[in-house]
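Take a look at the structure below. Then read on, one step at a time.

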2 protein chains.
Amino acid sequence: MGLRIPYKEMKRIIEKALLAAGVPAEKAAVCAEIHTDSSADGIESHGLNRVPRFIDYVKKGLVNVNTEPEIVSARGAVERIDGHRGIGITNALFAADRAVELAGIHGIGCAALRNTTHWMRGGTYACRIAEKGFMGISWICTENVMPLWGSDVQSVGNNPFCISIPRAGSPVVLDMAMSQYAYGKLGVYELAGKMTEYPCGFDEAGNATCDPAAVARTRRIMPAGYWKGTGLALALDLAGTMISSGRCSHEISVEKDGSCGGCTQIFIAYDPDLFGDYKEILEKIELRLAAVNSAHPTDASRPVQWPGEGMAHRREKNLAAGVPADESVWAEVCRLAAV
Amino acid sequence: MGLRIPYKEMKRIIEKALLAAGVPAEKAAVCAEIHTDSSADGIESHGLNRVPRFIDYVKKGLVNVNTEPEIVSARGAVERIDGHRGIGITNALFAADRAVELAGIHGIGCAALRNTTHWMRGGTYACRIAEKGFMGISWICTENVMPLWGSDVQSVGNNPFCISIPRAGSPVVLDMAMSQYAYGKLGVYELAGKMTEYPCGFDEAGNATCDPAAVARTRRIMPAGYWKGTGLALALDLAGTMISSGRCSHEISVEKDGSCGGCTQIFIAYDPDLFGDYKEILEKIELRLAAVNSAHPTDASRPVQWPGEGMAHRREKNLAAGVPADESVWAEVCRLAAV
């Protein structure tokens, strides 16, 4: 607990661990950067912490590190890409870049990636699209991890949905899973012996509960907005399948495929300078964000923020002070890197 | 309370009321049908019940019934349309149809409608896109009606977001506002002296509450999924502004413009037969929906449903038994129709 590792050092060790697992050099460099960025942004669950499991999946043959994504169909502003169960990060970056390319030609572009693997942190790709000056919408159809509203068994994905808005400063990035709390987050609450502030799931008696330990037992995690969260998750699952012709949530078996093994991801990009008035639009966006920051706060010491604003602050701090790392996870990744 | 009006009769009277308010014949027929459909689908708040307010807006000059939507810019798969504050329903139908047209050419199409007025029920347009055999994504940027997370003043729209999936039977239609409960729904609870099942907002002390009367006083309605609901609402507001160059939530004044006066709406359509495998995709969709219906229910008498499934059942029932109508609203619309 409580380590802080310099950014470059964390990236170097992750890269070494990936190389040791057989990941080709170029891909290892890219993935190490993305994992380190996620930790630097404060999303440790999909940063350093996810490296050992990724390597485990590589060793088990659930991720093929030696394949490339393939554009299998292309018409108009849409492309379908087969990920061939290659590396989730590099596949998704490829697809996000294709969406940007298509948007550059058609104003809006859509890349549908199927048969891929876990993309780690969803916001990475919406952010990538924004950094290229485009607006991004993306989502993933995960395996069933959440009960549909009215069911007591896992029957829908949590299907993170992302929207990114480019601007002069760091982009606005919404990265929103459809469960109110991630299982990883509940684990943190449970370890600390804390209750969640709002119901995080259902207990054995079928009652809404703030007790993460009860939800760990029932696996009945709470959807964000109750019926609304699973409604949106299901609609995204169907839409992803319709565009990609890939797998729905119920077609992924974690046991056989690993988490998100063979899954579907959608990337939509829009060119905000399509009509030549990008400058005025950016001014409108800045006015809107200023209105957010000046909305009267419930707590005077905590100004209201827009999605991604806190993340930019965190990264700046963590680049200066070192990227936070869990001591045991760091030791494990160092072991995998044989250092 | 408790009237049931034959579908054709309700449509006829609404049409007459609209004609009496000066709505041109063709538009009156279309709007009467949409309002009646909404009531028939069980969405009375945006069906019959909204007719008097629409007519009030027409009389106040907030809606211009004699203008037409105008395509002001078009490039690639994207069009921007100025609604000239015409009738929200006919403007939005025009834009939804343009998105379908563009998707027919480019695979994916986007129509961005700005300077329009209230579209009534959001699901209408996603449904329209699906009925034409396309997949639809649409949303509206309303005026500020909900506090951003961390604020105690209305500072973001509830921005209904819709996804529709075409199929042989009635389409899957998600129509999801970003507040957990609509103000209209809370009024129903309050009248009945009932508490909501989950927190519907914050009371004067700043605590989450299930008391609709307290929320009517504070106007601090609960976002769906707490911080997630306002994050998504804000991202949709920014994205809508970026595509349309139209108004953000904070640029609409209900007092001056009426609810949603001058607002922005986005329509995205996708052609599911773009790659010639629509039949196989529809089969995958049906399997997914069957998996939804067979998910183990918490209550054995209530099978799990997909978004829009209950609506189709309701419409069938209401076409047979008559469309439900509130007695006083019906009397008011009859008065407006001078019958």
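This is a predicted model: local features need pLDDT of at least 70, side-chain atom pairs count only at pLDDT 80 or more; totals for chains, interfaces and linings use all residues.

Begin with chain A. Its secondary structure comes to 12 helices and 13 strands. The C-alpha trace spans about 55 × 55 × 45 Å along its principal axes. What radius of gyration would a compact globule with 339 residues have? The value would be near 20 Å, and chain A has 20 Å, so the two agree.

Now look inside chain A. Of its 339 residues, 57% count as buried. A residue is called buried here if 20 or more other C-beta atoms lie within 10 Å of its own. Next, consider the contacts in chain A with a separation of 6 or more. Residues 24 or more positions apart account for 63% of them.

Chain A also has a domain assignment. Domain 1 takes in 3–63 + 315–336, and domain 2 takes in 76–179 + 223–270. The centres of the two domains of chain A, taken over C-alpha atoms, are 22 Å apart. Where they touch, domain 1 of chain A gives 12 residues and domain 2 of chain A gives 12 residues. Which helix gives the most to the domain 1 side of this contact in chain A? Helix α2 of chain A (residues 25–40) does, with six residues. By type, the domain 1 side in chain A divides into seven nonpolar, three polar and two charged residues.

Next comes the pair of chains. The contact takes 63 residues from chain A and 63 residues from chain B. On the side of chain B, several elements give two or more residues, among them β2 (70–75), α4 (88–106), β4 (108–116) and α10 (278–293). The largest share comes from α8(B), with 12 residues. The chain B side holds 37 nonpolar, 17 polar and nine charged residues. Do the copies meet through the same surface or through different ones? 100% of the interface residues of chain B are also interface residues in chain A, so the copies meet through the same surface.

Last, the symmetry. Two copies of a chain are related by a rotation about an axis and a shift along it. Here, a rotation of 180° with 0.0 Å of shift along its axis superposes chain B on chain A, with an RMSD of 0.0 Å. That is the relation of a two-fold axis. Which residue of chain B comes closest to the rotation axis? B:Gly225 does, with its C-alpha at 2.0 Å.

Notes:
Residues are numbered from 1 along each chain as its sequence is written. Chains are lettered from A and ligands numbered from 1 in the order in which they are written. Two residues are in contact if their C-beta atoms, placed from the backbone, lie within 7 Å. Helices (H or I, at least four residues) and strands (E, at least two) are DSSP runs, numbered from the N terminus. Ala, Val, Leu, Ile, Met, Phe, Trp, Tyr, Cys and Pro count as nonpolar, Asp, Glu, Lys and Arg as charged, and the others, Gly among them, as polar. Copies are superposed by least squares on the C-alpha atoms of residues with pLDDT of at least 70 in both. The radius of gyration is taken over C-alpha atoms; the globule rule is 2.2 Å times the number of residues to the power 0.38. A residue is buried if 20 or more other C-beta atoms lie within 10 Å of its own, exposed if 12 or fewer, and partly exposed in between; C-beta atoms are placed from the backbone. Domain bounds come from an automatic or database domain assignment.
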